[in-house]
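Colleague: Could you take me through a close look at the place where the two chains meet? I'd like one connected picture, please.

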Amino acid sequence: MDVHDHPTTAERDPGAALFVRGLVKTFGSFTAVAGIDVDVPRGQVFGFLGPNGSGKTTTIRMLTGSIAPTAGEAFVLGEDVIRHPERVRARIGYMSQKFSLFEDLTVAENLRFYAQIHGLGRDEFAERRAWILHMAGLQGREDELARNLSVGWRQRLSLGTATIHSPELIFLDEPTSGVDPVARRQFWELLYELAEQGITLFVTTHYMDEATHCNRLAFVYGGKLIAQGTPTELRDSFGPGATLEDVFVGLEEQSRLRGDDR
Amino acid sequence: MTDDPGLAIRGLTKSFGEIEAVAGVELDVPRGAVFGLLGPDGAGKSTLIRMLATVLVPDAGDAEIFGLSAAHSPDRLTPRIGYMSQRFSMYPDLSVAENLEFFARIRGVPKPRRRERAPELLESMGMAPFAKRQARLLSGGMKQKLMLASTLMHDPDLLLLDEPTTGVDPVSRREFWRILADIHAEGRTVLVATPYMDEAERCTHVGFMDAGRITHSGTPQELKDAIPGTLLEVIAPDPRAVLAALRDQPGISGAHLLGNTVRVLVARRLADEAPPPGSAVIPDTVRDLLPANAEIRPVEMDMESVFSHLAEEAAA
Ligand SMILES: Nc1ncnc2c1ncn2[C@@H]1O[C@H](COP(=O)(O)OP(=O)(O)OP(=O)(O)O)[C@@H](O)[C@H]1O
Ligand SMILES: [Mg+2]
């Protein structure tokens, strides 16, 4: 791992959704995340891209306070997630790579479970529940078992459970993997609705047409952040007519040839 | 493509309790095809594939595969079929290499072939550095790639792949399709369910499944040709606003974003009309909904639009 001079917390914008410096995670002798710096202003739809195994999920698990970093610092919504993971958890939502639903609970029961975890009051729960059922188009299906829902519905319910406590920032780890094209588009419309309410979204995806719709993109390879910019900036840096797919393939190849693997 | 029998599926049916997951599927897949199975979530694709893989016994109907009945001769068929399910089905505490070795051995792949094929597949999928890692410690996409590699270790006459590239990154996805092209060139038959429409474009044949039935099948071009209407591409500063303006308007049967552009399916088939001299062939009904500075041009039909159209038709 190369050693950078990381900017210190002194220049940290306390209003930022994410301020991350030199984030590292090792598992035994293997370095999964090798010193990542990220800044995400509030209200952005931020796309976190990279090949399989490049460290995206591991980074998210550190930023959501699920695992402790080996080194580095990370401020989430102005809170130090390493020292105060519980303060951060109350204010963020997390939709993991596998939908975290209770298969043998109903739609309503799944929502109630997550509401209880977050200690929502009765009125607040009633209000959030109504909003989520509406948003996800799940009205009238409150009593269906989660396991009987098709993928698109499960995915929207999963987003609902992740947003039950009105988080200011939501981490979405491949939220649309394995979802059909029409359901996928509907899901992105939901994401835009959330973004329009000022909620910050941190999204991973392997679909480059989805990446196009992010405000800003970061590309990781071998646990390092190797490129960043708006979709247009990244495309332009690869020459006229380049698609984001070309950018992804190009960055991957450059990094591999340069030997950026761990 | 030869006249050899590939798959002839007749009246194939399977219910789970009240739900008829596969409801009398009729389908022919030519031998040597790369057949893409498309359809909305919950259409019954996985259940259909499981019956073809002979792991699930149909309630009614049958599938003849290379002249053998899936219902009556599963034992003779199974060795000729490679099946990759949607669920992770490797041993979590074996390493990547050990899993490949184990499954290839029980499938009867000879040792020299195993020794040659495993490193080759791992290399092409960018998994070579992780050969010794326990499967449970792999990332989501790496697990998927391990399953793919394991399925490709042997050389079955028919490969059944249930959404094999879910969670797989774009580079590995290209590599995987390069491998499928080799398999196709060897004359073997592939049936692959996929939610990726760029993958559907690469298939020799596709079928659209909805509510347990195959409602349309043919080459990708045939399905495109059957869509009534013309696809237009709109380039404008705010594509999402354009999309919102076009939604549910009369004469417009669909609109979606593709990269920075909006693709609009207009109901009229413009190509059949002589374009009025000097003016674009864009109907005023569309033009009026768009900002003045929008660029509009007809483009070739894409599978994304085909999918939306067929899904909407099925829902109606
Ligand atoms: N507990 C662990 N022990 C050892 N290695 C691990 C562990 N967890 C993750 N890894 C490794 O860390 C690397 C990064 O994994 P991660 O899940 O973060 O990748 P990812 O970028 O999310 O990939 P994908 O696109 O496939 O989801 C991988 O090589 C993975 O095998
Ligand atoms: Mg991941």
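**Where chain A meets chain B**

Modeller: On the chain A side 34 residues are in contact (heavy atoms within 4.5 Å) with 35 residues of chain B. This is a predicted model, in which local features need pLDDT of at least 70 and side-chain atom pairs count only at pLDDT 80 or more, while totals for chains, interfaces and linings use all residues. Residues are numbered from 1 along each chain as its sequence is written, chains are lettered from A in the order in which they are written, and side-chain values use heavy atoms, with hydrogens and water left out.

Together the two chains bury about 2700 Å² (accessible area, 1.4 Å probe, lost on being put together and summed over both), and 53% of that lies on carbon and sulfur atoms.

Four salt bridges (a side-chain nitrogen of Lys or Arg within 4 Å of a carboxyl oxygen of Asp or Glu) run between chain A and chain B. One of them pairs Arg240(B) with Glu196(A), whose closest N and O atoms are 3.5 Å apart.

As for who supplies the chain A side, α5 (151-163), α6 (181-196), α7 (208-211) and α9 (244-258) of chain A each give at least two residues; helices here are DSSP runs (H or I, at least four residues), numbered from the N terminus. The largest share, seven residues, belongs to α6(A). Sorted by class, the side of chain A that touches chain B holds twelve nonpolar (Ala, Val, Leu, Ile, Met, Phe, Trp, Tyr, Cys and Pro), eleven charged (Asp, Glu, Lys and Arg) and eleven polar residues (the others, Gly among them).
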